[in-house]
Amino acid sequence: AGPHPKVRANPSGRPLPAQGRRMMRHFLNLSDAGPDGIAAILADARDRKAARKGWAKGRPDADAPLTGRTLAMIFEKNSTRTRVSFDMAMRQLGGDAMFMAAGQMQLGRGETVADTSRVLSRMVDGIVIRTDDHAKVEDMAAHASVPVINGLTDLSHPCQIVADLLTLIEHDKPLPGLNVAWLGDGNNVLSSIIEAAGLMKFNVRAGCPQGYEPDQAFVDAARAAGSTIGIFGDAAEAVRDADVVVTDTWVSMGQEHVHNKLAAMAPYQVNERLMARAKPDAKFLHCLPAHRGEEATDAVLDGPQSLIWDEAENRIHAQKSILLWCFGLIG
């Protein structure tokens, strides 16, 4: 991921001097950071994680670079990993986080996203929003004077993929030239994996049933950047010679026609037989929560090739460095 970029600590909470200020950055998709930004985020995350080895989880980092800053966390969808990781990220960086359930805000009673964004920008230092329609995140960012981070939308899930990339690098899987196989729904997670492939120069082989292919705009952009993106109807072909096998739940929150979708996805279950078609040292990822026995078997989820618990923990370390990038302190 390249050399570790120096973080300009600001423990006092006072404004950075003029030479330390940078333009405000939103993180709505991975392309907002670009390859250099993603590399800086990954390098910082590795260094900060290593520096905390053996520490209590709630102890702030030595430099506490976000002392005095508060993050508003707007959640219109349920969450475990995203909510906890952003909260802990702010604590470890020396700042504070404020959880806001959309149904308990004026946003849930008809206030526009734009107005909410303007008000919060006067009260907090950054906003993370987890919602359905990606246009809401874009609207929030368009009217904010503080950084806005996409905590998940129906279109993409960039924060998850930063954690995934961090996990692979930690386990000796350099990104350039890596062959990543995806099995199942062409959903928001796959969109961000494909986007990452174009930025970080790896390849994707997606096994998806007809009618559930990934977003074509992400596919076209990654191919234009020089990555090989293959879409296969056959699961075995998708995982052939894969360095990494990735899947996700087949049915997202609020989706309809569940029985039809489950039937279409059944041939794409990641089991021991399918994993055997990947490279012998292939790793398995799943962003969780897992519906055990559907998209993946217990033998794979809990098996020796699985990195899912490291992947889940790395959400904290990824969020920390994403926050620092948004505040212009790295990259």
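Trainee: At roughly what angle do the axes of helix α6 and helix α7 cross in this predicted model?

Mentor: Axes are lines fitted to C-alpha atoms, for helices over the stretch in contact, with angles running from 0 to 180 degrees between N-to-C directions; here the axes of α6 (residues 188-200) and α7 (residues 216-224) come within 8 Å and cross at roughly 15 degrees. Because angles under 35 degrees count as roughly parallel, α6 is roughly parallel to α7. Helices are DSSP runs (H or I, at least four residues), numbered from the N terminus.

Trainee: Which residues make the contact?

Mentor: Contact means heavy atoms within 4.5 Å, and S191, I194, E195 and G198 of α6 meet F218, V219 and A222 of α7. By class, this contact has 4 nonpolar, 2 polar and 1 charged residues, where Ala, Val, Leu, Ile, Met, Phe, Trp, Tyr, Cys and Pro count as nonpolar, Asp, Glu, Lys and Arg as charged, and the others, Gly among them, as polar.

Trainee: Which residues line the largest cavity?

Mentor: A cavity is a set of points on a 1 Å grid over the protein atoms alone where a 1.4 Å probe fits but cannot get out, and lining residues have an atom within 4 Å of a point. The lining consists of I161, D164, L165, L168, V180, I193, F202, V246 and L285, divided into 8 nonpolar, no polar and 1 charged, and helix α5 (residues 158-170) gives the most, with 4 residues.

Trainee: What should I keep in mind about the numbering and the model?

Mentor: Residues are numbered from 1 along each chain as its sequence is written, and side-chain values use heavy atoms, leaving out hydrogens and water. Local features need pLDDT of at least 70 and side-chain atom pairs count only at pLDDT 80 or more, whereas totals for chains, interfaces and linings use all residues.

Notes. 1 Å grid on protein atoms, 1.4 Å probe; cavity = no way out; pocket = protein on both sides within 12 Å on 5 of 7 lines; lining within 4 Å. Helix = DSSP H or I, 4+ residues; strand = E, 2+ residues; numbered from the N terminus. Parallel < 35°, antiparallel > 145°, perpendicular 65-115°, else oblique.
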